[in-house]
Amino acid sequence: MLKMAFKYIYGPIRSRRLGLSLGLSLSPGKTCNLNCIYCQWGRTVGTVSQRREYADPNEIIAELKSWMRKNPKTAQRLKFVTLSGLGEPTLNTRIGELIGKVKKITSCRIAVITNSTLLGNPRVRKALLGADLVVPSLDAVDEKIFRRIDRPHPDVKLEKIISGLVSFGKEFRGKFWLEIMLVSGINDSIGHINKLKSVIQRINPDKIQLNSPVRRTAEENVLSVPSVKLEKIKKILGEKAEIV
Ligand code: SF4
């Protein structure tokens, strides 16, 4: 479990892919339209699909300024401010405004980690254009597997996620890394990986990041994919793929 130092700020966290990054949550509690079996925050109690101002960007910015005042040396070493946190950040209708405000008070790059479910909405895609890096996820391209691993709100449609990702890949000028969370026995069959590969070719991300659960998960018996199999999947997906 990540340490929540403030209401909206967590970390900083050092990771191999981002270096030192400070996380911002765009809602005070878990707010998500998915209920992924591997979620490190536990089950989503009542998925939501409605975009709303789940948190006021001015309040988040006030916390960020306060954190920077209290941690001046760490603030200087930060590589990224990452919008992610407790749930799906693009559910907050003011995410674009928040990106602009963070840019005004820090020289850090801005990353957005999203579950991709709202990328079919042109307003959401436009709101993310100010980010330096977007890491959307796509765990399945098969409806049955998608429902089993990500347990979406009924309003969430897989075909809209895929077309949203394809559009976003064409519109976004920053770095675009597609993340796949692989769970043993659920979405890691070679047949499914081959289907994912052909969809990913249409999306055309800069990188494909393969992940498998290592932290606490929402459900029991959510198993990571053994490293030998991960290497095989990486090989199938080609040179853009990496294990993170
Ligand atoms: S999209 Fe992210 S926050 Fe939402 S349930 Fe899945 S892992 Fe958890």
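## Before we start

What you see is a predicted model, where local features need pLDDT of at least 70, side-chain atom pairs count only at pLDDT 80 or more, and totals for chains, interfaces and linings use all residues. Residues are numbered from 1 along each chain as its sequence is written.

## The sheet

Let's begin with the strands. Eight of them form an open sheet with mixed pairing, in the order β1-β2-β3-β4-β5-β6-β7-β8. Because β1 (9-15) and β8 (241-243) sit at the edges with a single partner strand each, one side of each has no neighbour in the sheet. On average, neighbouring strands here are turned by 25 degrees against each other, ignoring direction.

Some terms: strands (E, at least two residues) and helices (H or I, at least four) are DSSP runs, numbered from the N terminus. Two strands pair if DSSP finds at least two bridges between them. In general, strands pair through backbone hydrogen bonds, either parallel or antiparallel. Here, β1 and β2 (residues 19-25) go antiparallel over five bridges, and Y10 stands opposite G23 in β2.

## Around strand β6

Now look at β6 (residues 175-181), where six of the seven residues are buried. Buried means 20 or more other C-beta atoms within 10 Å of a residue's own, with C-beta atoms placed from the backbone (12 or fewer is exposed, in between is partly exposed).

On one pairing, β6 runs parallel to β5 (residues 133-136), joined by two bridges, with V134 opposite F176. On another, five bridges join β6 to β7 (residues 207-211), also parallel, and E179 faces Q209.

## The ligand shell

Which residues are around the ligand? They are C32, L34, N35, C36, C39, W41, T44, G87, E88 and N115, going by a C-beta atom, placed from the backbone, within 6 Å of the molecule. By class, the shell has five nonpolar, four polar and one charged residues. Ala, Val, Leu, Ile, Met, Phe, Trp, Tyr, Cys and Pro count as nonpolar, Asp, Glu, Lys and Arg as charged, and the others, Gly among them, as polar.

## A look at I60

I60 is found in helix α1 (residues 57-70). Why is I60 called buried? Because 25 other C-beta atoms lie within 10 Å. In sequence, I60 and K101 are 41 residues apart, yet their C-alpha atoms are 9.8 Å apart in space.

Note on methods. Axes are lines fitted to C-alpha atoms, for helices over the stretch in contact, and angles run from 0 to 180 degrees between N-to-C directions.
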